[in-house]
Amino acid sequence: MTVKIVIGHRLGKGQAVADGIRAAGAVPVLIPGPGADMKVGEVMAAEGAALGISFCGSGGAGAVTARTRYGHDIAFGLRSAQAGVTAVQEGRTVLGFGFLDTAELGFAVAEALLRRLGDPA
């Protein structure tokens, strides 16, 4: 089973999180360019992604947009990998973080998602 996780970073970054997602066995879909956080819901729909991660200063704009436009269950204002893991365990489909582009975050969130979906990867 291929599990896709979309990454949208306000400043066009997100490569470290993508590396962590890949290391955990999921497939990162990195949205290019500034303002990418506002496109998370749109790209999730197009890609059939199981999870979206939005990064911006407040940790909320992209996630709230995904909820408003696509009905995703969100958690936002997150500031740590553990907060992301908890949100995934609670069934959230879009996570809004402050600027926390780390491989540790990508790995932890992807691993939690794969566990929740029953994928042994």
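The C-alpha trace spans about 35 × 25 × 25 Å along its principal axes. The model is a predicted one, in which local features need pLDDT of at least 70 and side-chain atom pairs count only at pLDDT 80 or more, whereas totals for chains, interfaces and linings use all residues. Residues are numbered from 1 along each chain as its sequence is written, and side-chain values use heavy atoms, with hydrogens and water left out.

The secondary structure comprises 5 helices and 5 strands, where helices (H or I, at least four residues) and strands (E, at least two) are DSSP runs numbered from the N terminus. From the N terminus on, these elements follow the order β-α-β-α-β-α-β-α-β-α.

The 5 strands form an open sheet with the order 2-1-3-5-4 and parallel pairing, two strands being paired if DSSP finds at least two bridges between them. Strand 2 (27-30) and strand 4 (74-78) are the edge strands, each of which pairs on one side only. From one strand to the next, the twist averages 20 degrees; angles run from 0 to 180 degrees between N-to-C directions, and axes are lines fitted to C-alpha atoms, for helices over the stretch in contact. Strand 1 (residues 4-9) runs parallel to strand 2 and is joined to it by 4 bridges, with Lys-4 standing opposite Val-27 in strand 2.

Helix 1 packs on the sheet, where it touches strand 1, strand 2 and strand 3 (51-55), and its direction makes about 160 degrees with that of strand 2. Helix 5 likewise packs on the sheet, touching strand 1, strand 3 and strand 5 (94-97), with a direction at about 155 degrees to that of strand 3. Contact here means heavy atoms within 4.5 Å.

The axes of helix 1 (residues 15-24) and helix 5 come within 6 Å and cross at roughly 40 degrees, which makes helix 1 oblique to helix 5; angles under 35 degrees count as roughly parallel, over 145 as roughly antiparallel, 65 to 115 as roughly perpendicular and the rest as oblique. The crossing is right-handed, that is, the near helix is turned clockwise from the far one by less than a right angle. Residues of helix 1 in this contact include Ala-16, Val-17 and Gly-20, while those of helix 5 include Phe-107, Ala-110 and Leu-114. By class, the contact of helix 1 with helix 5 has 10 nonpolar, 2 polar and 1 charged residues, with Ala, Val, Leu, Ile, Met, Phe, Trp, Tyr, Cys and Pro counted as nonpolar, Asp, Glu, Lys and Arg as charged, and the others, Gly among them, as polar.

The axes of helix 4 (residues 81-89) and helix 5 (residues 103-117) come within 9 Å and cross at roughly 15 degrees.
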